[in-house]
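Reader: Hello! Please take a close look at one part of this model for me, the aromatic rings and their surroundings, and walk me through it as one connected story.

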Amino acid sequence: MSFTGEYNNSLDQKHRLSVPAKFRKSLKPINDKTFVVCKGFDKCLFLYPVEEWKIVEEQLTSLSSIKGTHRNFIRNIVRHANYVKYDNQGRIAIPEVLLKYSNIKKDVLVIGMLKKIELWNPATLNKFDEKEGSLSSDDFEGLADKINF
């Protein structure tokens, strides 16, 4: 299972997003047409297949419930996490609180990030790319060297 590519999409009036067919086809049957949508970093949303979300939960469980920063991190990730099953048209409903967090109103960039999918307001991603999202040549070469790109 691997999600790659970028797709322009839009929400319908009921805040439903059509998951690209390529991504739905990549989803293993064990996921039962279900993703978990949650707050991402950089003001985007993450869309995890259920089997990948279980790995995230295991990692979150390994954090200490005694340390305040750990509790706050876990709370911020799972507080608004929702299981969403796509319908016969491949649509999932995005909760209002997550749309507000990501500033997604109508247009959505759907970006494959290998084991998960990111959902972005196009204007937010453009601003992010201008400020923080670009890699210097040295950063790119250093990371490419680590994975033998």
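Author: Gladly! Let's start with Y86, which is buried, its relative accessible area being 13% (buried means under 20%, exposed over 50%, partly exposed in between, with a 1.4 Å probe and protein chains only). Please keep in mind that the model is predicted: local features need pLDDT of at least 70, side-chain atom pairs count only at pLDDT 80 or more, and totals for chains, interfaces and linings use all residues. Residues are numbered from 1 along each chain as its sequence is written, and side-chain values use heavy atoms, without hydrogens or water.

Ring pairs join Y86 with F3, Y7, F23 and F35 in a cluster. The model has 8 aromatic pairs (Phe, Tyr or Trp rings, six-membered for Trp, with centres within 6.5 Å; planes under 30 degrees apart are stacked, over 60 edge-to-face, the rest tilted). In one of them, the ring centres of F3 and F35 lie 6.4 Å apart with planes at 50°, so the pair is tilted. It links distant parts of the chain, since F3 sits in the segment before β1 and F35 in strand β3, 32 residues apart (strands are DSSP runs of E, at least two residues, numbered from the N terminus). Both F3 and F35 are buried, with F35 at a relative accessible area of 0%.

F35 also pairs with Y86: the centres are 6.5 Å apart and the planes at 40°, so this pair is tilted. Y86 belongs to the loop between β5 and β6, so the pair ties strand β3 to a part 51 residues away in sequence.

Finally, the charged end of R24 sits over the ring of Y86, 5.8 Å from its centre (CZ of Arg or NZ of Lys within 6 Å of the ring centre and within 35 degrees of the ring normal).

How values were computed:
Helix = DSSP H or I, 4+ residues; strand = E, 2+ residues; numbered from the N terminus.
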